[in-house]
Amino acid sequence: MAEETGALPSRSDFSAWYNEVIRRADIMDVRYPVKGLYVWYPFGFALRNHTYTLLRSLLNRDHEETLFPLLIPETEFMKEAEHIKGFEDEVYWVTHGGLSPLDVKLALRPTSETAIYPMYALWVRSHADLPLKLYQVVNTFRYETKHTRPLIRLREITSFMESHTVHTDWDDANKQVEYELGLASEFYRELGVPIIISRRPDWDKFPGADFTMAIDAVMPDGRTLQIGTVHHLGDHFSTTYNITYEDVNGEQKLASQTCFGISERCIAAIIAVHGDDKGLVLPATVAPTQVVIIPIIVGKRGEEIMAAVEKLESELKAAGLRVKTDARDMRPGAKYYHWELHGVPLRVELGPRDLDNSQLVCANRLGIKTTIPRENAAESVKRLLDEAHDQILDKAEEHLSSHLKTVTTVEACNEMLEENIVVVHWCGEKACADKLEELTNSSLLGTGVRSKYVVDDDGPCIICGKAGKTALVGRSY
Ligand SMILES: Nc1ncnc2c1ncn2[C@@H]1O[C@H](COS(=O)(=O)NC(=O)[C@@H](N)CS)[C@@H](O)[C@H]1O
Ligand SMILES: [Zn+2]
């Protein structure tokens, strides 16, 4: 794509920075002529594929991958009352096949419960069929009416991982909820993205669920981004779709279920949480290019240097690293700018002096420079990549912890919400939550807060003073 120069907007104007870096770092092209639909550039798609390869490797320990149809007949979609209420104003409908109107109109899946569960009802017959744990990575469609934004709020969610599990009873399903939360925690640790887990208030749970556990990240502007959810579905859907099994005593039992979703918001989190004024900062675990070699050609030794660079590149590739050499005829500084914008975790410079001293000068994306010996270069580079990962994770943890504020008054809450997420005590009454949300233009995000930076304890409700519990309050995307 076009090689532009010039600085990005400062990160202090996060929205402007984000939109510009999505374009300049070749992630997505937002010019597609349908609102809320965007096009992956190859580089962005490579980042997406490495990220989802990681997600699949974690899911495949305990689930199997499959693929269900996109189109859902209205007859199936309109079965679970709460689910319908939750999605009826977001669903796209297909009403014609060619020129002929369809006798049953078809929904484009907004999520796939109503596509999958009629099939689960056919597949699940006996306790021996349980637990059943399948997932798929598909595109889903939601007619979002709020402000759409690439990777964050789409009308076509291009990379919607949805896991749907079936269990013999409520407790076994609850164990699966905890398992999925552990999986999501490992996934985001590998991405260097700190998360806060909490239980959404009942009025915000997934339509048709018993309860919803949410995974939130904190954006540079202090707003939260919900980057995953795990829902305990109880037997709501198994009742509606008749997912029953014969138990060990030969009795027919209703199954219990969970579902778990992560979308390309996980890519948005990598970009937003780690990025800086120079552009992307990518974790080596998912960076399309982990190392870029820059030959420093001076004087008459060009050939000798290029030979050494080619040797180094093939050695690093043989060690399983994703390496590129930038031998373009341009100033090294312009090359540094390009690869920093694209978030490459490590740059290796090789010039005449390095040849003579049998060394390599390495600079990680946070600007830390290290000179390493030429021999065992692959080992040293891997160590530098691990150190770079720890550094970006520490930086992100520092940002999260410094943007979590505990307050006891509405005034302090208002003040802190400008750039932080807030921890309060709440009695659990919706009336107090409504009042707090109205007075502070925020959302009550959840209770049962799980974060190493939050003490989940008791205290007087910030609104009514009655006995309350720790709750998270924030403004979200
Ligand atoms: N319009 C959207 N654009 C991008 N990501 C979205 C959008 N809507 C939801 N998501 C992401 O998708 C995740 C799962 O969506 S959900 O509605 O919460 N849950 C489900 O649909 C369940 N069936 C689990 S798959 C959310 O946690 C959120 O991170
Ligand atoms: Zn209260």
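Biologist: Over how many bridges do E5 and strand E6 pair?
Modeller: This is a predicted model, and in it strand E6 covers residues 100–108. One of the links between the two strands joins Val94 to its bridge partner in E6, Leu106. E5 and E6 run in the antiparallel sense, and the number of bridges between them is five.

Biologist: At what angle do helix H9 and helix H12 pack?
Modeller: Helix H9 spans residues 302–318 and helix H12 spans residues 377–402, and their axes are 9 Å apart. The crossing of H9 and H12 is right-handed. The angle at which the two helices pack is about 65 degrees.

Biologist: How many nonpolar, polar and charged residues does the contact of H9 with H12 have?
Modeller: From the side of H9, Leu312, Glu315 and Leu316 take part, and they meet Ala377, Ala378 and Val381 in H12. Leu, Ala and Val count as nonpolar, whereas Glu counts as charged. By class, the contact therefore has five nonpolar, no polar and one charged residues.

Biologist: Is Ile270 buried or exposed?
Modeller: Ile270 is found in helix H8, which covers residues 265–274. Leaving out residues up to four places away in sequence, Ile270 touches Thr51, Leu191, Val193, Gly275, Val281, Leu282, Pro283 and Val286. Thr51 is 219 residues apart from Ile270 along the chain, yet their C-alpha atoms are separated by 9.8 Å. Because the relative accessibility of Ile270 is 0% and the cut-off is under 20%, Ile270 counts as buried.

Biologist: Why does Glu340 count as buried, and what is its relative accessible area?
Modeller: Glu340 is found in helix H10, residues 332–341. Apart from its neighbours within four places in sequence, Glu340 is in contact with Lys278, Gly279, Leu280, Arg347 and Arg365. Glu340 is buried because its relative accessible area is under the cut-off of 20%, at a value of 18%.

Biologist: Which residue is joined to Pro131 by a cis peptide bond?
Modeller: Pro131 has its place in the loop between helix H5 (113–123) and strand E7 (132–141). The cis peptide bond there has an omega of about 0 degrees, and the residue that it joins to Pro131 is Leu130.

Biologist: Asp26 and Asn441 each have a positive phi; which of these residues is exposed?
Modeller: Asp26 lies in the loop between helix H1 (14–24) and strand E1 (28–29), with phi near 60 degrees, and at 10% relative accessibility it counts as buried. Asn441 is in the loop between helix H14 (430–440) and strand E24 (443–450), with phi near 50 degrees. Because exposed means over 50% and its relative accessible area is 59%, the exposed residue is Asn441.

How values were computed
Residues numbered from 1 in each chain as written. Chains lettered and ligands numbered in written order. Predicted model: local features only at pLDDT ≥ 70, side-chain atom pairs only at ≥ 80, totals over all residues. Heavy atoms only, no water. Helix = DSSP H or I, 4+ residues; strand = E, 2+ residues; numbered from the N terminus. Buried < 20%, exposed > 50% of the residue type's maximum accessible area, 1.4 Å probe, protein only. Contact = heavy atoms within 4.5 Å. Pairing = 2+ DSSP bridges. Axes fitted to C-alpha atoms, helices over the stretch in contact; angles between N-to-C directions. Left-handed = near helix turned anticlockwise from the far one by under 90°.
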